Amino acid sequence: MAHAFVHVHVDPGQAREAAQSIDHLDSVGAAHLVTGDYDVIARLDLDDTDEIPDAVANEIHGVAGVIDTVTNVAFEP
């Protein structure tokens, strides 16, 4: 299993709707509204790290209101 955390900037006023849409994507285990530098943080749960770029580019960036993202791949300690 591969995991990544995607930090998402969203157009003003669209954070809640974007977070709900992101949370329903097949590749997303959970999405949360957050405070700080980003509006939403999503956890990707995928079979392989090779799937991460497509999930971010084709799924998360396809959500209305998403401006940009920063992705951190998670590794076991």
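In this predicted model, R43 and D45 are joined by a salt bridge, with 2.8 Å between the closest N and O atoms. The count of salt bridges under the rule applied is 1. Both partners fall between the cut-offs of under 20% for buried and over 50% for exposed. R43 has a relative accessibility of 29% and therefore counts as partly exposed. D45, with a relative accessible area of 22%, is likewise partly exposed.

The table lists the two partners.

| Residue | Relative accessible area | Class |
|---|---|---|
| R43 | 29% | partly exposed |
| D45 | 22% | partly exposed |

The chain that carries this pair contains 2 helices and 4 strands. Read from the N terminus, the order of elements is β-α-β-β-α-β. Of the contacts between residues at least 6 apart in sequence, 63% link residues at least 24 apart.

Overall dimensions come next. The radius of gyration of the chain is 11 Å, and a compact globule of 77 residues would have one near 11 Å, so the two agree. Along the principal axes, the C-alpha atoms fill a box of roughly 35 × 25 × 15 Å.

As for burial and surface, 34% of the 77 residues in the chain are buried, which means that their relative accessible area is under 20%. The accessible surface of the chain amounts to about 4,600 Å². Carbon and sulfur atoms account for 49% of that surface.

How values were computed:
Residues numbered from 1 in each chain as written. Predicted model: local features only at pLDDT ≥ 70, side-chain atom pairs only at ≥ 80, totals over all residues. Heavy atoms only, no water. Rg over C-alpha atoms; globule rule 2.2 N^0.38 Å. Buried < 20%, exposed > 50% of the residue type's maximum accessible area, 1.4 Å probe, protein only. Contact = heavy atoms within 4.5 Å. Areas by Shrake-Rupley, 256 points an atom, 1.4 Å probe, with all protein chains shown as cover. Salt bridge = Lys/Arg side-chain N within 4 Å of Asp/Glu carboxyl O.
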